[in-house]
Amino acid sequence: MNENVFNSMANNYDNYDRKKLSDVIRLEISKYLSNDSSNDILLDYGGGTGLVSLPIVENFKKVIIADSSKQMLEIALDKINIGNISNASILLVNDTTLLPNADIVILSLVLIHIPDTETILNKIYKILNPNGKVIIVDFDKNEKVNHPMVHNGFQHEELKAILEKEKFKNITIKNFYSANNLFMKENATLFIVQAEK
């Protein structure tokens, strides 16, 4: 994953289209959260500027936004400070960072950027608390997308098989949103996965 790409994008990352898409994603993710998450720690892995998780921060005991881009996290930290949000923090991560334990891990449009899907899902499984869950939002496989820095999406059955291999259970996958020019300027469909430890 090339952090420099995201570092250079950071200042213009929170544009209208990204905010709009984040609203759609957050609404869908919220359907998979329990009515009372007030004792839960949420890890927003690859959370960037906090577009998805910061607006729902009051629902959790703690929200940790983890990302490999220092500049993205600085913008998230500015939002935390301006909003005087006491239960949110940032974490700069790389391949060797020890992740904190969490009850819920969100990976929103993150897996496509990580070359080794199995390794990251194994890492997530290990840091989840008992009965914790991962919520993944990403793109359906799209053969028209061809870029050296990203996967061209995922097939549901293949992703489910990887999650099962990593010992996740109660896995559900469904599509929830389609739009034009959504994924590398191609039409695309988003899916959401919930899987439990």
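Q: Which residues of H5 are buried?
A: This is a predicted model, and in it the buried residues of H5 are Leu159, Ile162 and Leu163.

Q: How are those buried residues arranged when you look down the axis of H5?
A: They fall within an arc of 100°, so they line one face of the helix. As a general point, an α-helix has 3.6 residues a turn, so residues three or four places apart point the same way.

Q: What covers the buried residues of H5?
A: The cover includes H4, S5, S6 and strand S7, which spans 186-196.

Q: And which exposed residues are on the face of H5 turned away from its buried side?
A: That face carries Glu157 and Lys165.

Q: What does Lys165 form a salt bridge with?
A: Its partner is Glu118, and the closest N and O atoms are 2.7 Å apart. The pair links distant parts of the chain, with Lys165 in helix H5 and Glu118 in helix H4, 47 residues apart.

Q: Is Glu118 buried, partly exposed or exposed, and what about Lys165?
A: Glu118 is partly exposed, with a relative accessible area of 30%. Lys165 counts as exposed, at 53% relative accessibility.

Q: How many salt bridges turn up in the whole structure?
A: A search finds six salt bridges. One of them is between the side chains of Lys79 and Asp14, at 2.6 Å from N to O.

Q: Where do Lys79 and Asp14 lie?
A: Lys79 lies in helix H3 (residues 70-82), while Asp14 is in the loop between helix H1 (3-9) and helix H2 (16-30), so the pair ties together parts that are 65 residues apart in sequence. Lys79 is partly exposed at 26% relative accessible area, and Asp14 is partly exposed too, at 21%.

Q: What about Asp23 and Arg26, what do their side chains do?
A: They meet in a salt bridge, 3.1 Å from N to O. Being three residues apart in helix H2, Asp23 and Arg26 are separated by about one helical turn.

Q: Buried or exposed, what is Arg26?
A: Arg26 is buried, with a relative accessible area of 13%. Asp23 counts as partly exposed, at 43%.

Q: Which residues do salt bridges with shared partners join into one network?
A: Glu28, Lys31 and Lys174 are joined that way.

Q: Switching to rings: how many aromatic pairs are there?
A: The count comes to one aromatic pair. The rings are those of Tyr125 and Phe168, with centres 5.0 Å apart and planes at 85°, so the pair is edge-to-face.

Q: Which parts does that pair tie together?
A: Tyr125 lies in helix H4 (residues 117-127) and Phe168 in the loop between helix H5 (156-165) and strand S6 (169-183), so the pair ties together parts that are 43 residues apart in sequence. Both Tyr125 and Phe168 are buried.

Q: What sits over the ring of Tyr125?
A: The charged end of Lys197 does, 4.9 Å from the ring's centre.

Q: OK, the core now. How many residues does the largest nonpolar core have?
A: It has 61 residues, and those with the most contacts inside it are Tyr45 and Val105.

Q: What is Val105 in contact with, leaving aside its neighbours within four places in sequence?
A: Its contacts are Leu43, Tyr45, Ile124, Ile127, Leu128, Lys133, Val134 and Ile135.

Q: Where is Ile192, and is it buried or exposed?
A: Ile192 is found in strand S7, and it counts as buried, at 0% relative accessibility. Leaving aside neighbours within four places in sequence, its contacts include Glu28, Tyr32, Ile136, Thr172 and Phe176.

Q: How many Å separate the C-alpha atoms of Ile192 and His156?
A: They are separated by 9.7 Å, and the two residues are 36 residues apart along the chain.

Q: Last topic, backbone angles. What is phi of Leu109?
A: Phi of Leu109 is near 55°, a positive value in a residue other than glycine. Most residues other than glycine have a negative phi. Leu109 lies in the loop between strand S4 (102-108) and H4.

Q: And what about phi of Asn131?
A: Asn131 has a positive phi of about 65° although it is not a glycine. Asn131 lies in strand S5 (residues 128-139) and counts as exposed, at 66% relative accessibility.

Terms used:
Residues numbered from 1 in each chain as written. Predicted model: local features only at pLDDT ≥ 70, side-chain atom pairs only at ≥ 80, totals over all residues. Heavy atoms only, no water. Core = buried A, V, L, I, M, F, W, Y, C linked by side-chain atoms within 4.5 Å. Buried < 20%, exposed > 50% of the residue type's maximum accessible area, 1.4 Å probe, protein only. Contact = heavy atoms within 4.5 Å. Phe/Tyr/Trp six-rings, centres within 6.5 Å; stacked < 30°, edge-to-face > 60°. Helix = DSSP H or I, 4+ residues; strand = E, 2+ residues; numbered from the N terminus. Lys NZ or Arg CZ within 6 Å of the ring centre and 35° of its normal. Salt bridge = Lys/Arg side-chain N within 4 Å of Asp/Glu carboxyl O. Arc of directions from axis to C-beta.
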